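Trainee: I am new to this structure. Please show me how to read its features.

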Amino acid sequence: MSTVLIRPMEAVDAKPVLAIYQAGLDGGNASFEDTAPTWAAFDAGKLPGHRLVAVDEGDVVLGWVAVCAVSSRAVYAGVVEHSVYIDRAAQRRGVGRALLDALSASTEAAGIWTIQSGIFPENTASLALHHAAGFRTVGIRERVGRHASQGNRWRDVVFIERRSPHIA
């Protein structure tokens, strides 16, 4: 396995980040979304201090992780929702774990105490990755949304979270 480096996501990463995102969406078990947003929409929706990419020695983007606020209410200032996507060719090489570990470190340094997300139950690889990285299953949100690209069928979501052990 080649070395995986984690660095802040930059505008120059837009094309590979959005391509990896779209490939994940095309698989059908990553999100209710069907199309990756424009870079402007992506950039506006993600918190700037917690957007990271994993790259190889040649600075080729292998995957990314980013967060958004779950609420504008002050009481939820320490809670974010994350997304993590890995290029198919880089899967099962430790890229996802390296990104989640770096995200945990960056959010804790900023006083964020909870990282949460929803994962389709069929996405067993993502669930296993998250559990190995210290996330726990909170519960299953049944029939939480309809998946338009899959005939508008109802989908369940496994709600997961990682609570910082360092922020009380």
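This is a predicted model: local features need pLDDT of at least 70, side-chain atom pairs count only at pLDDT 80 or more; totals for chains, interfaces and linings use all residues.

Trainee: Which residue forms a salt bridge with Arg 7, with the closest N and O atoms 2.8 Å apart?

Mentor: First the general idea: side chains of opposite charge can pair when their charged atoms come close. Here the partner is Asp 13. Asp 13 is also buried, at 3% relative accessibility.

Trainee: Which residues are linked with Arg 7 in a network of salt bridges?

Mentor: Asp 13 and Asp 59. Asp 59 meets Arg 7 at 3.0 Å, N to O. This pair joins distant parts of the chain, 52 residues apart. Arg 7 lies in strand E1, and Asp 59 sits in the loop between strands E2 and E3. Asp 59 is partly exposed, with 44% relative accessible area.

Trainee: How many salt bridges does a search of the whole structure find?

Mentor: Seven. Among them, Glu 161 pairs with Arg 136, with the closest N and O atoms 2.8 Å apart. That bridge links strand E7 to strand E6, its residues being 25 apart in the chain. Glu 161 is buried at 11%, while Arg 136 is partly exposed at 46%.

Trainee: Now helices. At what angle do the axes of H3 and H4 cross?

Mentor: Roughly 45°, and the axes come within 10 Å. H3 and H4 are therefore oblique to each other. The crossing is right-handed.

Trainee: Which residues meet there?

Mentor: Gly 96, Arg 97 and Leu 100 from H3 meet Leu 129, His 130 and Ala 132 from H4. By class, that contact has three nonpolar, two polar and one charged residues.

Note on methods:
Residues are numbered from 1 along each chain as its sequence is written. Side-chain values use heavy atoms; hydrogens and water are left out. Axes are lines fitted to C-alpha atoms, for helices over the stretch in contact, and angles run from 0 to 180 degrees between N-to-C directions. Helices (H or I, at least four residues) and strands (E, at least two) are DSSP runs, numbered from the N terminus. Angles under 35 degrees count as roughly parallel, over 145 as roughly antiparallel, 65 to 115 as roughly perpendicular and the rest as oblique. A crossing is left-handed if the near helix is turned anticlockwise from the far one by less than a right angle, and right-handed if clockwise. Contact means heavy atoms within 4.5 Å. Ala, Val, Leu, Ile, Met, Phe, Trp, Tyr, Cys and Pro count as nonpolar, Asp, Glu, Lys and Arg as charged, and the others, Gly among them, as polar. A salt bridge is a side-chain nitrogen of Lys or Arg within 4 Å of a carboxyl oxygen of Asp or Glu. Buried means under 20% relative accessible area, exposed over 50%, partly exposed in between (1.4 Å probe, protein chains only).
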